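Please open the structure in your viewer and keep the selection panel at hand. The tour below goes from one selection to the next and says what is found at each stop.

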Amino acid sequence: MPLRVEPAVKPLVCLLGGTGFVGGHLAALLSAHGYRVRIPTRRAQRHRELRVLPGIELVDADVHDTAALRALLHGCAVAVNLVAVLNEGHAGGFEDVHVKLPRNLVKLCGEGGVGRLLHMSALNADAARGPSRYLKTKGEGEDLVHRAEDLQVTSFRPSVIFGPDDHFFNRFACLLRMPAPVFPLACPSARFAPVFVGDVAQAMLAALEDPRTIGQRYDLCGPHAYTLKELVEYTARVLRLRRRVMGLSPALSRLQAAVMGHLPGKAFTHDNYLSLQVDSVCDGGFPAIFGITPAALETVVPVYLSHRDQRGRYDEYRQRARHHY
Ligand SMILES: NC(=O)c1ccc[n+]([C@@H]2O[C@H](COP(=O)([O-])OP(=O)(O)OC[C@H]3O[C@@H](n4cnc5c(N)ncnc54)[C@H](OP(=O)(O)O)[C@@H]3O)[C@@H](O)[C@H]2O)c1
């Protein structure tokens, strides 16, 4: 096997969305592999834990501001874009976050000599056929970054991602802890192949270091597919809660979305309902090029979900994950 020669100084990476769920894991991984990483955030004081990682520079900046984004990219060889919203709100609409930002990013990468982009899309993102505005705009953003000239782009299209701090199992855990014997669940038959955040981050790192991935789009799924009802029932079992998960009909699912979409926090909206009309599962296995055997959720989820002292377990998990990286 040929020896891989690591460059002495790794390039500076601008990691947009580096304070988020996936971003935190990718930042830790890049840091552990000797990369210098610049992470913009609108709320630096909330993410002080990132500053302790070697090589991480946390910058107070809004990536939607062109001048700020230009300054952020200065001196970087690589940009990674993880910024997205599941629902439209005061922080930005789908079009602004999923289309305008990537368009601006590509333009500024060209002007600033940034030659490599890793772009996070989503499984089923499709500008023409996406069933929801989320998936349509994610597809539009993905297509436009791949059309960019003089930019080496790789994009990633994961199913739902799990891991400490995830937005899926933690959210259902929170809802299931509410004392009610019956849990009404919209779209119970929607299917997912949840993929571990550590595997997603490893794939992104591998892509960064492997020129064969340039120009490619990778669907990322875990090893097994489940219905939403199975995943929520599993969450209840891990939490040792006796809840009857009651699947709602399509009409009642839409009604739940209509009601919850108007409540603060928008836990479930009509657009979310539309996204769930297409199964979030992959045709093949995890892309062979990354050499990763994806983790089964059963080996990871109980570690961070089943303990009351979530923060403590989370920190312990992160330590172990960093050690592993
Ligand atoms: N999580 C999943 O299950 C999943 C599944 C499929 C695809 N994805 C994709 O993976 C990527 C990362 O997802 P994630 O779950 O890690 O996201 P997340 O936790 O919600 O993080 C979002 C990040 O974007 C930044 N951001 C900048 N401008 C924003 C704006 N206007 N509105 C909201 N956030 C803004 C936030 O930074 P500050 O708040 O610090 O400024 C934060 O770092 C996204 O592209 C998402 O579509 C995720």
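Which of the 24 residues around the ligand come nearest? Bear in mind that this is a predicted model, then select Thr19, Gly20, Val22, Thr41 and Ala84, which are the ones that come nearest to the ligand. If you extend the selection to the whole shell around the ligand, you will have 15 nonpolar, seven polar and two charged residues. Helix α1, residues 21-32, gives the most to this shell, contributing three residues.

Next, turn to the sheet, and colour its seven strands in the order β3-β2-β1-β4-β5-β6-β11, which form an open sheet with parallel pairing. At its edges lie β3 (56-60) and β11 (217-220), each of which pairs on one side only. On average, and with direction ignored, neighbouring strands of this sheet are turned by 20° against each other.

The last stop is the largest nonpolar core, which has 87 residues, and in which Ala79 and Val200 touch the most other members. Select Val200 and display its contacts: leaving aside residues up to four places away in sequence, valine 200 touches Val22, Phe156, Pro158, Ile161, Val195 and Leu220. Val22, in this list, is also one of the residues that come nearest to the ligand.

How values were computed:
Residues numbered from 1 in each chain as written. Predicted model: local features only at pLDDT ≥ 70, side-chain atom pairs only at ≥ 80, totals over all residues. Near = placed C-beta within 6 Å. Helix = DSSP H or I, 4+ residues; strand = E, 2+ residues; numbered from the N terminus. Nonpolar A, V, L, I, M, F, W, Y, C, P; charged D, E, K, R; others polar. Pairing = 2+ DSSP bridges. Axes fitted to C-alpha atoms, helices over the stretch in contact; angles between N-to-C directions. Core = buried A, V, L, I, M, F, W, Y, C linked by C-beta atoms within 7 Å. Buried ≥ 20, exposed ≤ 12 C-beta atoms within 10 Å, placed from the backbone. Contact = placed C-beta atoms within 7 Å.
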